[in-house]
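Please look over the sequence and the structure shown here before reading on. The briefing that follows goes through them topic by topic.

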Amino acid sequence: MKLKEIRKKKNLTQKDVSESLGIPINTYTQYELEYREAPIDFYIKLANFYGVTLDYLLDNPNPANEKKIRVFSARRRINRHLQRTLRF
(Lines give C-alpha, C1' and ligand atoms only; values in the text may rest on other atoms or scores of the structure.)
Protein backbone atom coordinates (compact mmCIF):
# COMPACT_ATOMS: atom_id res chain seq x y z
CA MET A 1 0.00 0.00 0.00
CA LYS A 2 0.99 3.55 -0.41
CA LEU A 3 -0.44 5.23 2.68
CA LYS A 4 2.84 6.87 3.66
CA GLU A 5 3.59 7.96 0.09
CA ILE A 6 0.21 9.68 -0.30
CA ARG A 7 0.44 11.29 3.12
CA LYS A 8 3.92 12.67 2.40
CA LYS A 9 2.81 14.06 -1.00
CA LYS A 10 0.05 15.98 0.77
CA ASN A 11 2.58 17.29 3.35
CA LEU A 12 0.61 15.80 6.22
CA THR A 13 1.77 14.16 9.41
CA GLN A 14 0.39 10.93 10.80
CA LYS A 15 -1.23 13.04 13.50
CA ASP A 16 -2.96 15.22 10.88
CA VAL A 17 -4.45 12.19 9.14
CA SER A 18 -5.40 10.33 12.31
CA GLU A 19 -7.17 13.40 13.74
CA SER A 20 -9.02 13.99 10.47
CA LEU A 21 -10.23 10.39 10.45
CA GLY A 22 -11.03 10.36 14.17
CA ILE A 23 -8.71 7.49 15.10
CA PRO A 24 -5.79 7.31 17.54
CA ILE A 25 -2.40 8.12 16.02
CA ASN A 26 -0.92 4.79 17.12
CA THR A 27 -3.72 2.96 15.27
CA TYR A 28 -3.08 4.95 12.11
CA THR A 29 0.66 4.32 12.40
CA GLN A 30 0.07 0.58 12.67
CA TYR A 31 -2.11 0.67 9.55
CA GLU A 32 0.47 2.71 7.63
CA LEU A 33 3.30 0.36 8.60
CA GLU A 34 1.06 -2.66 7.91
CA TYR A 35 1.54 -3.97 11.46
CA ARG A 36 -2.21 -4.19 11.75
CA GLU A 37 -4.89 -4.89 9.13
CA ALA A 38 -7.24 -1.96 8.70
CA PRO A 39 -10.99 -2.45 8.29
CA ILE A 40 -12.50 -1.64 4.91
CA ASP A 41 -14.33 1.40 6.25
CA PHE A 42 -10.94 2.91 7.13
CA TYR A 43 -9.86 2.61 3.49
CA ILE A 44 -13.12 4.14 2.30
CA LYS A 45 -12.72 7.12 4.65
CA LEU A 46 -9.08 7.51 3.68
CA ALA A 47 -9.82 7.38 -0.05
CA ASN A 48 -12.47 10.07 0.43
CA PHE A 49 -10.11 12.13 2.57
CA TYR A 50 -7.39 12.09 -0.09
CA GLY A 51 -9.80 12.26 -3.04
CA VAL A 52 -8.51 9.05 -4.63
CA THR A 53 -10.06 5.72 -5.59
CA LEU A 54 -9.77 2.59 -3.50
CA ASP A 55 -7.84 0.99 -6.36
CA TYR A 56 -5.25 3.75 -6.23
CA LEU A 57 -5.07 3.66 -2.44
CA LEU A 58 -4.58 -0.10 -2.41
CA ASP A 59 -1.74 0.26 -4.92
CA ASN A 60 -3.64 -1.00 -7.93
CA PRO A 61 -3.11 1.52 -10.75
CA ASN A 62 -4.90 -0.64 -13.32
CA PRO A 63 -8.14 -2.15 -11.96
CA ALA A 64 -8.57 -4.28 -15.09
CA ASN A 65 -5.43 -6.24 -14.17
CA GLU A 66 -6.31 -6.75 -10.51
CA LYS A 67 -4.74 -9.84 -9.00
CA LYS A 68 -7.08 -12.56 -7.77
CA ILE A 69 -5.51 -12.58 -4.32
CA ARG A 70 -6.24 -8.88 -3.84
CA VAL A 71 -9.87 -9.43 -4.84
CA PHE A 72 -10.15 -12.32 -2.41
CA SER A 73 -8.56 -10.30 0.39
CA ALA A 74 -10.84 -7.31 -0.21
CA ARG A 75 -13.93 -9.53 -0.30
CA ARG A 76 -12.88 -11.17 2.94
CA ARG A 77 -12.44 -7.78 4.66
CA ILE A 78 -15.80 -6.56 3.33
CA ASN A 79 -17.54 -9.74 4.46
CA ARG A 80 -16.06 -9.41 7.96
CA HIS A 81 -17.13 -5.78 8.11
CA LEU A 82 -20.66 -6.63 6.97
CA GLN A 83 -20.94 -9.45 9.49
CA ARG A 84 -19.94 -7.12 12.33
CA THR A 85 -22.29 -4.40 11.05
CA LEU A 86 -25.30 -6.68 10.64
CA ARG A 87 -25.12 -8.24 14.12
CA PHE A 88 -27.98 -7.17 16.31
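Which residue forms a salt bridge with Lys15? The partner is Glu19, and the closest N and O atoms of the two are 4.0 Å apart. This is a predicted model, and the points below describe what was computed from it.

**Overall make-up**

- The protein has six helices and zero strands.
- Read from the N terminus, the order of elements is α-α-α-α-α-α.
- Of the 88 residues in the protein, 30% are buried.
- The protein exposes about 6300 Å², and carbon and sulfur atoms supply 53% of that area.
- Among contacts with a separation of 6 or more, 51% are between residues 24 or more positions apart.

**Salt bridges**

- The count of salt bridges comes to three.
- Side chains of opposite charge can pair when their charged atoms come close.
- Lys15 and Glu19 are four residues apart in helix 2, so about one helical turn separates them.
- Lys15 counts as partly exposed because its relative accessibility is 47%, while Glu19 is exposed, with a relative accessible area of 55%.
- Glu5 forms a salt bridge with Lys9, with the closest N and O atoms 3.5 Å apart.
- Glu5 and Lys9 are four residues apart in helix 1, so they too are separated by about one helical turn.
- Glu5 is partly exposed, at a relative accessible area of 39%, whereas Lys9 is exposed, at 56%.
- Arg7 forms a salt bridge with Glu32, and here the closest N and O atoms are 2.8 Å apart.
- Because Arg7 lies in helix 1 and Glu32 in helix 3, the pair ties together parts that are 25 residues apart in sequence.
- Arg7 and Glu32 are both buried.

**Helix 2 and its buried face**

- Which residues of helix 2 are buried? They are Gln14, Val17, Ser18 and Leu21.
- Seen down the axis of helix 2, these buried residues fall within an arc of 95°, so they line one face of the helix.
- An α-helix has 3.6 residues a turn, so residues three or four places apart point the same way.
- The cover over the buried residues of helix 2 includes helix 1, helix 3 and helix 4.
- Ser18, in helix 2, has a relative accessible area of 2%, so Ser18 is buried.
- Leaving aside neighbours within four places in sequence, Ser18 is in contact with Ile23, Pro24, Ile25 and Tyr28.
- Gly22 follows helix 2 and has a positive phi, near 75°.

**Nonpolar core**

- The largest nonpolar core has 15 residues, of which Phe42, Tyr43, Leu46 and Leu57 touch the most other members.
- Helix 1, helix 2, helix 3 and helix 4 each supply at least two residues of this core.
- Helix 4 gives the most to this core, with six residues.
- Not counting residues up to four places away in sequence, Leu46 touches Leu3, Val17, Leu21 and Leu57.

**Residues with positive phi in loops**

- Most residues other than glycine have a negative phi, and most peptide bonds are trans.
- Asn11 is not a glycine, yet its phi is positive, at about 55°.
- Where does Asn11 lie? Asn11 is in the loop between helix 1 (3-9) and helix 2 (14-21).
- Asn11 has a relative accessible area of 68%, so Asn11 is exposed.
- Glu34, also a residue other than glycine, has a positive phi near 60°.
- Glu34 is found in the loop between helix 3 (25-32) and helix 4 (40-50).
- Glu34 counts as partly exposed because its relative accessibility is 48%.

**Nonpolar surface patch**

- Which residues make the nonpolar surface patch of about 280 Å²? The patch is made by Ile78, Leu82 and Leu86.
- Ile78 is found in helix 6 (residues 68-86).
- With a relative accessibility of 37%, Ile78 counts as partly exposed.

Methods: Residues are numbered from 1 along each chain as its sequence is written. This is a predicted model: local features need pLDDT of at least 70, side-chain atom pairs count only at pLDDT 80 or more; totals for chains, interfaces and linings use all residues. Side-chain values use heavy atoms; hydrogens and water are left out. Patches are made of residues with over 30% relative accessible area and no salt bridge: like charges are joined within 9 Å, nonpolar side chains (Val, Leu, Ile, Met, Phe, Trp, Tyr) within 5 Å. Accessible areas come from the Shrake-Rupley method with a 1.4 Å probe; for residues, only the protein chains shown count as cover. A salt bridge is a side-chain nitrogen of Lys or Arg within 4 Å of a carboxyl oxygen of Asp or Glu. Buried means under 20% relative accessible area, exposed over 50%, partly exposed in between (1.4 Å probe, protein chains only). Contact means heavy atoms within 4.5 Å. A nonpolar core is a set of buried Ala, Val, Leu, Ile, Met, Phe, Trp, Tyr and Cys residues joined through side-chain atoms within 4.5 Å. The arc is that of the directions from the helix axis to the C-beta atoms.
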